[in-house]
Amino acid sequence: MRKIIHLDMDAFFASVEQRDHPDYRGKPVIVGGSPSSRGVVSTCSYEARKFGVHSAMPLCEAGWRCPQGIFLPVRLKRYQEISGEIMAILREYTPLVEPFSIDEAFLDVTGSELLFGSAEMIARKVVERIDEELNLPASVGVAPNKFLAKIGSDLKKPRGFVVIKTEDVIPLLAPLSVSKLWGVGPKNQEQLRKLGIKRIKDIQDLPVKILRDQLGEFGEHLHRLAFGLDDRPVLPRQEIKSIGHETTFQKDTDDREFLEEVLLGLCTRVARRLRKSDLVGQVIMIKLRDTDFKTITRQTTLYYPTAFEEVIFKYARRLAEENEWGLKPLRLIGVSISGLQKNSAVQLPLFSEVRQEDLHRLHQTVDRIKDRFGEDAITRGSLLPKECEKKKI
Ligand SMILES: [Mg+2]
């Protein structure tokens, strides 16, 4: 029997906005555009839902239902970036991760249980990490197949955690609307309604022959789903586009030493994530936002891809320097790496400015200690850049 997890982020775009802008937390956030524009609500926070706002509602309607709402444009690039970070966490538990949309994924953890504990424990861990590391809420469903796992993640949003056991499947599905069945859109729903079928129970009670006669193959498909049967495999895709971290300061600052220390910390986190996912990256990008909210991003492409913070930091700092960081106090810095490939697919250079072999050994050891004793178990004795210069890395 398979062990499948479906992860679905809660009010994803709105949650990202609330995470990036702490003043929006606990408030009705409506992502989609201004209430005077013609579009529709893309996502809204749970606080906004209390006012009757929901996704796909015209923005002007959301405007009069929730006049105090914080209306924001869709920042797709940002959401994609975070989506990549979520997928990277998931891939630490199984290579069988199928991103289903920007904020949803299936994981087949059947083969991961020996390593990481039961599917339920893995699901807990994943949600906890997304909460702690990315500061975002998610719901999960754990079940023997994709269909049921997705049903599960939807049952108790937000922050839902639903484990579906085989023996509970039929009663659990019975009261749900047929629209929950995979492939049933508004058109089929109407068609089914004409046959007197509204809830999944109505399908469970019908002989499969009637469904087949009325709806052909689709009827058979619905009958199987109504009993919780689904044998589609989880199909992994390599979809991480970048891995990044950023920090907003409590107080704007131009203290160079402090900024470098923070940058190194960010590079270390990025590098560790790369190594955990067995990836290397080649394009390093920094983001600097100054006290006037002016944001610049700059990037550089490495000759050889890397997964080491020493290398990432060296180039990230160079980019920051070339762009005169500290000219104005900064309120945010960030670093990310893209151009990702599987580490195993990359050949190490014979000659390079960084002794890759040495770094590789060093990081293997440090990572092992961190895996065992936690992220804070080991840290640099003295922070770069002095150290960095000394070693010429
Ligand atoms: Mg979602």
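Mentor: Let us begin with a pair of helices: the axes of α4 and helix α6 (residues 119-134) come within 10 Å and cross at roughly 140 degrees. The model is a predicted one, in which local features need pLDDT of at least 70 and side-chain atom pairs count only at pLDDT 80 or more, while totals for chains, interfaces and linings use all residues. Residues are numbered from 1 along each chain as its sequence is written.

Trainee: What makes α4 and α6 oblique to each other?

Mentor: The axes are lines fitted to C-alpha atoms, for helices over the stretch in contact, and the angle between N-to-C directions runs from 0 to 180 degrees. Angles under 35 degrees count as roughly parallel, over 145 as roughly antiparallel, 65 to 115 as roughly perpendicular and the rest as oblique. The crossing of α4 and α6 is at roughly 140 degrees, and the two helices are therefore oblique to each other. Their crossing is right-handed, a term for a near helix turned clockwise from the far one by less than a right angle, with anticlockwise giving left-handed.

Trainee: Which residues make the contact between α4 and α6?

Mentor: Ile82, Glu85, Ile86, Ile89 and Leu90 of α4 meet Val126, Arg129, Ile130 and Leu134 of α6, where contact requires C-beta atoms, placed from the backbone, to lie within 7 Å. By class, this contact has seven nonpolar, no polar and two charged residues. Here Ala, Val, Leu, Ile, Met, Phe, Trp, Tyr, Cys and Pro count as nonpolar, Asp, Glu, Lys and Arg as charged, and the others, Gly among them, as polar.

Trainee: How do you know that the span of helix α4 agrees with its number of residues?

Mentor: The expected span is 1.5 Å times one less than the number of residues. For the 16 residues of α4 (residues 76-91) this gives 22 Å, and because the end C-alpha atoms are 22 Å apart, the two values agree. Helices themselves are DSSP runs of H or I with at least four residues, and strands are runs of E with at least two, numbered from the N terminus; the protein has 16 helices and 13 strands.

Trainee: Which residues of α4 are called buried?

Mentor: They are Tyr79, Ile82, Ser83, Gly84, Glu85, Ile86, Met87, Ala88, Leu90 and Arg91. A residue is buried if 20 or more other C-beta atoms, placed from the backbone, lie within 10 Å of its own, exposed if 12 or fewer, and partly exposed in between. Of the 393 residues of the protein, 37% count as buried.

Trainee: Why are α1 and α4 called roughly perpendicular?

Mentor: Helix α1 (residues 12-20) and α4 pack at an angle of about 90 degrees, with their axes 10 Å apart, and they are therefore roughly perpendicular to each other. Phe12, Phe13 and Val16 in α1 meet Arg78, Tyr79 and Ile82 in α4. By class, the contact of α1 with α4 has five nonpolar, no polar and one charged residues.

Trainee: Why is phenylalanine 258 called exposed?

Mentor: Phenylalanine 258, which lies in helix α13 (residues 256-276), has 12 other C-beta atoms within 10 Å and is therefore exposed. Aspartate 213, whose place is in helix α11, is likewise exposed, because it has 10 other C-beta atoms within 10 Å.

Trainee: What makes arginine 159 partly exposed?

Mentor: Arginine 159 counts as partly exposed because it has 13 C-beta neighbours inside 10 Å. Its place is in the loop between α7 and β8, and it has a positive phi of about 50 degrees although it is not a glycine. Proline 158 is in the loop between α7 (146-155) and β8 (161-163), and the peptide bond from lysine 157 to proline 158 is cis, with omega near -10 degrees.

Trainee: How do you know that aspartate 278 is partly exposed?

Mentor: Aspartate 278 has 15 other C-beta atoms within 10 Å, so it is partly exposed. Aspartate 278 lies in the loop between α13 and β10 (279-290), and its phi is near 55 degrees, a positive value in a residue other than glycine.

How values were computed. Two residues are in contact if their C-beta atoms, placed from the backbone, lie within 7 Å.
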